[in-house]
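Have the structure open while you read.

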Amino acid sequence: MRPRVVCGIAAAAAAAVALFATACGSGGGGGGGQGSSATAQAAPGGAYPVKVADCAGKETVIAKAPAKIVTSNASSLEMLLQLGAGDRVIGTGFPPGKGTLPADLADQGGRVPVLGDKVIPKEKLLGSGADLYVDTFSAMPMMGGGATGPSEEEYAAAGIQHVFLLSTACAGTPKAAKAPRTDLAGVEDDIRRLGAVTGTAARAEELVSGMEKRIGEVRTALAGVPEGQRPSYFVFDFDAGTKQPVAVCGRQVANAVITQAGARNVFADCDADFKPGSWEDVVAKNPDWIQLAVRNRGSEEATRKAFDDAEAFLRSFPATQGLKAVQEGHFVRLGSEVTTIAGVRNADAVRQIAATVHPDLVKNGQ
């Protein structure tokens with residue numbers, strides 16, 4: 001049998017260290033609004049072998065469904081849980097914080113052994129007994145403080161096949177997309193890729209179809225809003241610190257989420273995924289809307305307080321209290337995880353943002 005080729009665009013997205021501390025991960029989405037040129041061609045029954053490529057195009061052949069999977073972080077872990085392959089995950093790095101996973105996945109996700117609070121130590125990964133490692137990072141320079149992962153030869157010697165989420169792992173490679181991400185095709189391709197690799201292709205198509213349906217409804221509702229009339233939007237990563245804001249740039253998955261929601265990311269033009277910014281830059285942009293992007297604190301009360309604290313800072317800080325969004329109370333209370341981390345729930349973030357900034361056109365949950 002000839003291997004089936006599972007492709008995806010090597011879209012750029014290195015995760016910022018500020019986001020690594022919780023749930024971790026970044027990236028994902030098609031570049032430049034063109035979407036992916038190829039998607040996973042997986043049979044519903046999950047036929048093997050399956051061929052997958054890394055960021056440089058080097059292919060790995062998966063001969064059979066993996067039985068013991070390790071994930072690099074909560075982004076790939078959540079995808080596998082959503083696909084119904086969570087019972088095969090034997091360990092993860094960067095574990096999801098309390099309250100981060102959807103309620104229906106939280107118990108199962110919480111039982112996955114934590115092999116590393118951040119990047120999994122090399123020796124622990126190689127000795128895990130895994131037959132598959134799903135890597136969100138690849139060889140990114142900010143990989144949790146400069147940790148060095150195993151070589152491909154060491155993976156092979158340990159009997160571990162090494163596959164990547166291309167929507168997040170490929171920043172800095174020659175094939176990395178440089179254009180801003182304006183759709184979620186790269187994320188959808190990764191879901192299909194994991195579906196093909198784990199034999200859950202039918203579930204992957206179901207998840208992607210659901211995403212496309214929710215996003216398509218928003219796109220249709222906003223079709224009559226000209227690009228120039230779409231509100232400007234700033235993602236305020238409160239947990240990354242208030243001394244120097246972090247700019248969420250055009251190559252981050254959040255730019256695709258914002259664009260699909262009918263808004264314009266004020267930092268879409270910076271050629272990166274995340275970039276240190278300045279309050280002077282934010283003031284100069286004077287956004288129409290500001291997202292209070294806080295991490296889930298594990299309870300509704302604690303998370304609500306974090307949103308309140310983020311808003312209180314912007315209202316009291318001299319540099320931001322005069323901003324248009326602050327003066328008009330134009331705040332979007334939406335967690336950073338569903339906005340900046342690639343996954344199924346990016347589609348829900350699109351709808352929530354759209355329903356907030358275009359309330360006359362889009363209703364949340366409709």
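1. Ground rules. This is a predicted model, where local features need pLDDT of at least 70, side-chain atom pairs count only at pLDDT 80 or more, and totals for chains, interfaces and linings use all residues. Numbering starts from 1 along each chain as its sequence is written, and side-chain values use heavy atoms, with hydrogens and water left out.

2. The sheet. Five strands make an open sheet with parallel pairing, in the order S7-S6-S5-S8-S9. Strand S7 (114-116) and S9 sit at the edges with a single partner strand each, so one side of each has no neighbour in the sheet. From one strand to the next the twist averages 25 degrees (axes are lines fitted to C-alpha atoms, and angles run from 0 to 180 degrees between N-to-C directions). Strands are DSSP runs of E, at least two residues, and helices are runs of H or I, at least four, numbered from the N terminus; strands pair if DSSP finds at least two bridges between them.

3. One pair up close. S5 (residues 69-71) and S6 (residues 89-93) run parallel and are joined by three bridges. Valine 70 is opposite glycine 91 in S6.

4. Serine 167. This residue belongs to helix H6 (residues 166-169). Serine 167 is buried, at a relative accessible area of 1% (buried is under 20%, exposed over 50%, partly exposed in between, with a 1.4 Å probe and protein chains only). Its side chain makes a polar contact of 2.4 Å with that of aspartate 190; the term means N or O atoms within 3.5 Å, one able to donate a hydrogen and the other to accept it, and residues adjacent in sequence count only if both atoms are side-chain atoms.

5. The second largest cavity. Asp190 turns up again here, in a lining that also includes Val52, Phe164 and Arg193. The space is about 30 Å³, and H7 gives the most to the lining, with four residues. By class there are six nonpolar, no polar and two charged residues. A cavity is a set of points on a 1 Å grid over the protein atoms alone where a 1.4 Å probe fits but cannot get out; a pocket is an open set with protein on both sides within 12 Å along at least five of seven lines, and lining residues have an atom within 4 Å of a point.

6. The second largest pocket. Its volume is about 470 Å³, the space filled by probe spheres set on the points. Of the 24 lining residues, Gly99, Asn296, Thr303, Gly335 and Arg345 are the closest to its centre. H14 gives the most, four residues.

How values were computed: Nonpolar A, V, L, I, M, F, W, Y, C, P; charged D, E, K, R; others polar.
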